[in-house]
Amino acid sequence: MQPLDHLSLHLFVVVCEAGTISAASERAFMAPSAISKRISDIEARFGTPLLKRSKRGVEPTPAGLALLRHARGLTRAMERLESELGEFAEGARGHVRVLANISSIMEFLPEELSAFMLQNPLIQADIEERFSPDVVRGVAEGSADLGICRKSMAIGDLEFVPYRQDHLAVVVKADHPLADCNSIAFSQTLEYEHLGLSAFATLNNFMCQSAEAAGKELRFRSYVSSFDAAFRLVQFGLGLAVFPQEAVARYAQLFDLRVIPLTDDWALGEFVICMRDRHALSLSARRLLDHLLRRAPAWQAHA
């Protein structure tokens, strides 16, 4: 029986993630027929189908899911080996994958990654936006080295490290009746229509529950898919919005908005960095983790 090789396992992972042989071909820069041949060889080796093929593409069978889990672990181990040996030979180099929620991307992450890559020009750091639950799931499945999500998602077998905080605030147009408030309780906003950001579905649901607990109704005038659209609608008086203060502060002057901190206990949010095993990270991923924690506010060092 011919042993499995690293390239075949890598291609199997790419096919599963891409969903089609043709898409995997583009990612791997290899002919579709060559990829199909390698997958068929693996199936022949184990005597069981690994992929269910249809007009829409492919998806792993139960046996394929088992192989995918192990293949990801093996390919990541090989990447760590190559990365560490490369660092000994040529200095710090490598590839780090990061999954992050929208708040972290809006508030601080691009600046942090830019600073890291300027300091480490041979390390490539890729960032992909996901909802917080999908960040945790993706890291657990091996799709990324590190994840940044809300502390409320810190469940399961991953390692979670306290990272940063942010603070929810009410965003209103300059002549809104609440515009002169220095701070405000969430219950005071319920007299007015809100705008919801689709990416903040968890926050939207929590606000609805808080309104219900206060015996009031939270009325959403509209839902939008981006911060920019929300700012424009608030600017034109179509409603107010509740967003992290750190994410909107830089845009307040541009859109002539007022940002009013919420006084409720739940207005304080926390981010965590998640990983499967800190000690199993590649040297490049450990460098990025150390960089992020070193530049984080001092509170997290004592968390």
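User: Is Cys16 buried or exposed in this model, and which cut-off decides that?

Analyst: The general idea is a threshold on relative accessible area, computed with a 1.4 Å probe on protein chains only: under 20% is buried, over 50% is exposed, and values in between are partly exposed. Cys16 has a relative accessibility of 16%, so this residue counts as buried. The model is predicted, so local features need pLDDT of at least 70 and side-chain atom pairs count only at pLDDT 80 or more, whereas totals for chains, interfaces and linings use all residues. Residues are numbered from 1 along each chain as its sequence is written, and side-chain values use heavy atoms, with hydrogens and water left out.

User: How many disulfides are there, and how far is the sulfur of Cys274 from the closest cysteine sulfur?

Analyst: A disulfide is read here as a pair of cysteine sulfur atoms within 2.5 Å. By this rule the count is zero. For Cys274, the closest cysteine sulfur belongs to Cys149 and lies 4.5 Å away, which is too far for a bond. Cys274 itself is buried, its relative accessible area being 0%.

User: How should I read the pairing of strands, and what are the partners of strand 5?

Analyst: Helices (H or I, at least four residues) and strands (E, at least two) are DSSP runs numbered from the N terminus, and two strands pair if DSSP finds at least two bridges between them. Strand 5, residues 146–150, is mostly covered, with five of its five residues buried. Strand 5 runs parallel to strand 3 (residues 94–100), to which three bridges join it, and Leu99 stands opposite Gly147 there. With strand 11 (residues 268–275), strand 5 pairs in the antiparallel sense over four bridges, Arg150 having Phe271 as its bridge partner.

User: Which strands does strand 6 pair with, and in what sense?

Analyst: Strand 6 runs antiparallel to strand 11, with eight bridges between them, and Pro162 stands opposite Val272 in that pairing. Strand 6 is also joined to strand 9 (residues 241–244) by four bridges in the antiparallel sense, where Val171 has Ala241 as its bridge partner.

User: How many salt bridges does the structure hold, and which parts of the chain does the pair of Glu17 and Arg72 tie together?

Analyst: The criterion for a salt bridge is a side-chain nitrogen of Lys or Arg within 4 Å of a carboxyl oxygen of Asp or Glu, and the structure holds 15 of them. In one of these, Glu17 meets Arg72, with their closest N and O atoms 3.2 Å apart. Glu17 lies in helix 1 (residues 6–18) and Arg72 in helix 4 (residues 62–90), so the pair ties together parts that are 55 residues apart in sequence. Glu17 is partly exposed at a relative accessible area of 38%, while Arg72 counts as buried at 12%.

User: What does the salt bridge between Arg295 and Glu112 link?

Analyst: The side chains of Arg295 and Glu112 meet at 2.4 Å, N to O. This pair links distant parts of the chain, with Arg295 in helix 11 (residues 283–295) and Glu112 in helix 6 (residues 109–119), 183 residues apart. Arg295 is partly exposed, with a relative accessible area of 39%, whereas Glu112 counts as buried at 6% relative accessibility. Glu112 and Arg295 also belong, together with Arg164, to a network of salt bridges.

User: Where is Ala247 found, and which residues is it in contact with beyond its neighbours in sequence?

Analyst: Contact means heavy atoms within 4.5 Å. Ala247 is found in helix 10, residues 245–255, and is buried, with a relative accessible area of 0%. Leaving aside neighbours within four places in sequence, Ala247 is in contact with Met106, Glu107 and Phe227.
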